[in-house]
Amino acid sequence: MSIPEKTQPHGRRPLQSEFNDGRDYPRLGSVSFRRGTLTENQEKTWEEHWPQRGRELTNDPADQTIDIAGWFGREGHPTILEIGSGTGTSTVAMAPLEPDTNIIAVELYRPGLAKLLGASVRGGVDNIRMIKGDGVEVLNRMFPEASLDGVRIFFPDPWPKARHHKRRIIQSGTLHLIATRLKPGGVLHVATDHADYADWITELATAEPLLDYKGWPWAECPQLTDRQVITKFEGKGLQKDHTIAEFLWQRTADNVAEDTPDSVGDGSPSATTVT
Ligand SMILES: C[S@@+](CC[C@H](N)C(=O)[O-])C[C@H]1O[C@@H](n2cnc3c(N)ncnc32)[C@H](O)[C@@H]1O
């Protein structure tokens, strides 16, 4: 991967790669992300447990590829990445039911991660790790091709105004990036309570040739799809009589390198420049 010349984000905006493959990627423009403070207890838990269970995507251009086996201290276990885990309500409810799976939660919002960290520690849930950063950047820069068994995106920000649709995380480029990071047979699971976003996702459902759209439900899905709890955002939607729409895809058996001229095919993250 080429070393980016310009590594500073604009203001508080997270670092953004530039993809030159003709697909659409979320364009966040000048969006600044919620910050928020931690309670004294959360700070204590963070100091004690984050160094082992957490990582941050930084502006350091050095190779940040995650050594999954080293981080979880075990070899050969499936790994699922959850993007936008919020406070981690469903993350920490699902993880004990899939103890043989490594769960990595990605979130921009530190207080959300602090809640998930606290709940994991208190609940003795050992198969969750966390990354603070933008899910698209994390996928692109921290995970090699065909390194993940699953990706989950539950109740992504709907960006309801038409002029903000370009900020939505589900775009043709993100679906392609996810597909390249999934192993053949890997699963992508997305849920939304927002009708317009559901239509948007439906339109893109068959756009990525490396993802075989399975719809919902998919009885033979090899992974847990029940979130076990109603998350804060899911609950807000249900209170407004929103319908929950769920989407499942399976990564095809095709070779990524043959299908994607932009991919480097050596297991390292796709070459991109960072602006
Ligand atoms: C509507 S909330 C849903 C949270 C959680 N999945 C739930 O169901 O309660 C969306 C979350 O995604 C996070 N988020 C938005 N864009 C993100 C990105 N590019 N990478 C990582 N997290 C992101 C936000 O900070 C927020 O916590």
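**Entry 1. Binding-site records**

I began with the UniProt record. Under "binding site", its unreviewed entry lists Lys161, Asp193, Thr231, Lys232, Phe233 and Glu234. I looked these up in a predicted model.

I took Lys161 to start with. I found Lys161 in the loop between β6 (148–154) and α6 (172–181). Is Lys161 buried or exposed? Lys161 has 8 C-beta neighbours inside 10 Å, so I noted Lys161 as exposed.

Then I turned to Phe233. Phe233 sits in helix α8. I counted 22 C-beta neighbours inside 10 Å for Phe233, and therefore wrote Phe233 down as buried. Which residues does Phe233 contact, leaving aside neighbours within four places in sequence? They are Gly86 and Phe155.

**Entry 2**

I looked up Glu107 in strand β4. Glu107 counts as buried because 26 other C-beta atoms lie within 10 Å. I set aside residues up to four places away in sequence and listed what Glu107 touches: Gly84, Ser85, Gly86, Gly112, Leu113 and Lys132. Gly86 was already in my notes as a contact of Phe233.

Asp134 came next. I traced Asp134 to the loop between β5 (128–132) and α5. Asp134 is a loop residue, yet Asp134 counts as buried, with 26 C-beta neighbours inside 10 Å.

**Entry 3. Around the ligand**

I then started from the ligand itself. How many residues surround the ligand? There are 22. The closest are Gly84, Gly86, Gly135, Phe155 and Thr231. Of these, Thr231 is in the UniProt list I opened with. Gly84 and Gly86 are among the contacts of Glu107.

The most comes from α8, with three residues. By class, I noted 10 nonpolar, seven polar and five charged residues in the shell.

**Entry 4. Helix α5**

Eight of the eight residues of α5 are buried. Gly135, Val136, Glu137 and Arg141 are among them. Which elements do the buried residues of α5 pack against? I listed β1 (17–18), β3 (79–83), β4, β5 and α6.

**Entry 5. The nonpolar core**

I moved on to the core. The largest nonpolar core has 51 residues. Val151, Ile178 and Leu188 have the most contacts inside this core. Which strand gives the most to it? Strand β7 (residues 182–192) does, with five residues.

I looked at Val151 in detail. Leaving aside neighbours within four places in sequence, Val151 contacts Leu81, Ile83, Ile178, Leu182 and Leu188. Ile178 and Leu188 are on the list of residues with the most contacts inside the core.

I then checked β7 as a whole. Eight of the 11 residues of β7 are buried, so the strand is largely enclosed by the rest of the structure. Strand β7 pairs with β6 in the parallel sense, over six bridges. I also noted that Phe154 stands opposite Ala191 in β7.

**Entry 6. A loop residue**

I picked out Leu210. Leu210 lies in the loop between α7 (195–204) and β8 (211–215). The cut-off for a buried residue is 20 or more.

I also checked Leu210 against Ala179. They are 31 residues apart in sequence. Their C-alpha atoms are 5.9 Å apart in space.

**Entry 7. The whole chain**

The protein chain has nine helices and 10 strands. Of its 275 residues, 43% are buried. Residues 24 or more positions apart account for 81% of them.

Note on methods
Residues are numbered from 1 along each chain as its sequence is written. This is a predicted model: local features need pLDDT of at least 70, side-chain atom pairs count only at pLDDT 80 or more; totals for chains, interfaces and linings use all residues. A residue is near a molecule or strand if its C-beta atom, placed from the backbone, lies within 6 Å of it. Helices (H or I, at least four residues) and strands (E, at least two) are DSSP runs, numbered from the N terminus. Ala, Val, Leu, Ile, Met, Phe, Trp, Tyr, Cys and Pro count as nonpolar, Asp, Glu, Lys and Arg as charged, and the others, Gly among them, as polar. UniProt positions are given in the numbering used here, feature names are shortened, and annotations may be inferred rather than shown by experiment. A residue is buried if 20 or more other C-beta atoms lie within 10 Å of its own, exposed if 12 or fewer, and partly exposed in between; C-beta atoms are placed from the backbone. Two residues are in contact if their C-beta atoms, placed from the backbone, lie within 7 Å. A nonpolar core is a set of buried Ala, Val, Leu, Ile, Met, Phe, Trp, Tyr and Cys residues joined through C-beta atoms within 7 Å. Two strands pair if DSSP finds at least two bridges between them.
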